[in-house]
Amino acid sequence: MTAVAQRPPMTASAAPAVPMPTLRDDLRQIAAWIADDAHVLDLGCGDGVLMAYLRDSRAAHVYGVEIADDSVLQCVRRGLSVIQADLESGLRMFPDRMFDTVVLSQTLQAMHKTEAVLREMARVGRQGIVSFPNFGHWRHLVSLLGGRMPVSPQMPYQWYDTPNVHLCTPKDFEILAARLGLVITGRALLANGRPVNVLPGMRSKLAVYRFEPK
């Protein structure tokens, strides 16, 4: 792995001409919080759909970290810069405050070293954005009352094969963020792509948070 000493010189003109990708509900909210021409690091970037969108629609300078071979290959095919690495090992390849925004979308719940990952996001970025499924959704609670672990579009795994190891609610995340000295600057609790304002802790399916270090 090669350490990066400066911001990656990605430009919109470097992207191949491809149709604009369709974004998941949480990725649309994340994109709305990212400024034009921003330097963005996408952790656990998957196939690079968010990075491609930001590059092509916002002229963002995008960089990704992903461990899965197939996903890295898809990123390369999109003309994206990506490092193949395990997030759990840290982000030592990036200096402090290298990025305007660091994104971790629907991956936080699969991290074993949750606190360490959030600290690293706050170190290398001026702001961080995370999204995760809300384990406190009322349908999940009904499943638990019926004696079964919940299965939903946001958590589509059986208990014995799930990659999710640290499920949480929005309130759980807010408590952890405060303990780590992170200031929450934006919150979106979503169901079917729309903000939930009434009983959001029980009715929202996805949580998206923006934060900054103190």
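Ten salt bridges are counted in this structure, which is a predicted model.

**Stop 1: a link between two loops**

Select Asp47 and Arg78, which form a salt bridge whose closest N and O atoms are 3.8 Å apart. Asp47 belongs to the loop between β1 (39-43) and α2 (49-58), while Arg78 belongs to the loop between α3 (69-77) and β3 (82-84). The pair links distant parts of the chain, 31 residues apart. Display the surface here and consider Asp47: its relative accessibility is 26%, so it counts as partly exposed. Arg78, at 25%, is likewise counted as partly exposed.

**Stop 2: from a helix to a loop**

Next, select Arg123 and Asp96. These residues form a salt bridge, with 2.7 Å between the closest N and O atoms. Is Asp96 buried or exposed? Asp96 is exposed, because its relative accessible area is 52% and the term applies to values over 50%. Arg123 is partly exposed, with a relative accessible area of 22%.

Asp96, Glu120 and Arg123 are linked in a network of salt bridges.

**Stop 3: within helix α4**

Keep helix α4 in view and select Glu115 and Arg119. Their salt bridge has its closest N and O atoms 3.6 Å apart. Glu115 and Arg119 are four residues apart in helix α4, so about one helical turn separates them. Glu115 is partly exposed, with a relative accessible area of 29%. Arg119 is also partly exposed, with a relative accessible area of 46%.

**Stop 4**

Display α4 together with helix α6 (residues 170-179). At what angle do α4 and α6 pack? The angle is about 60°, and the axes of the two helices are 11 Å apart. This angle makes α4 oblique to α6. The crossing in which α4 passes α6 is right-handed.

**Stop 5: a nonpolar patch**

Turn to the surface and select Trp138, Leu141, Val142, Leu144, Met149, Leu167, Val198, Leu199 and Met202. These residues form a nonpolar patch, and their accessible area together is about 780 Å². Which helix gives the most to the nonpolar patch? That is helix α5 (residues 138-145), with four residues.

**Stop 6: positive phi angles**

Remain at Leu199 and examine its backbone. The phi of Leu199 is near 45°, a positive value in a residue other than glycine.

Finally, move to Asp37, in the loop between α1 (25-32) and β1. Asp37 is not a glycine, yet it has a positive phi of about 65°. How accessible is Asp37? Its relative accessibility is 44%, so Asp37 counts as partly exposed.

Key
Residues numbered from 1 in each chain as written. Predicted model: local features only at pLDDT ≥ 70, side-chain atom pairs only at ≥ 80, totals over all residues. Heavy atoms only, no water. Patch = residues over 30% accessible without salt bridge, like charges linked within 9 Å, V, L, I, M, F, W, Y side chains within 5 Å. Areas by Shrake-Rupley, 256 points an atom, 1.4 Å probe, with all protein chains shown as cover. Salt bridge = Lys/Arg side-chain N within 4 Å of Asp/Glu carboxyl O. Buried < 20%, exposed > 50% of the residue type's maximum accessible area, 1.4 Å probe, protein only. Axes fitted to C-alpha atoms, helices over the stretch in contact; angles between N-to-C directions. Parallel < 35°, antiparallel > 145°, perpendicular 65-115°, else oblique. Left-handed = near helix turned anticlockwise from the far one by under 90°.
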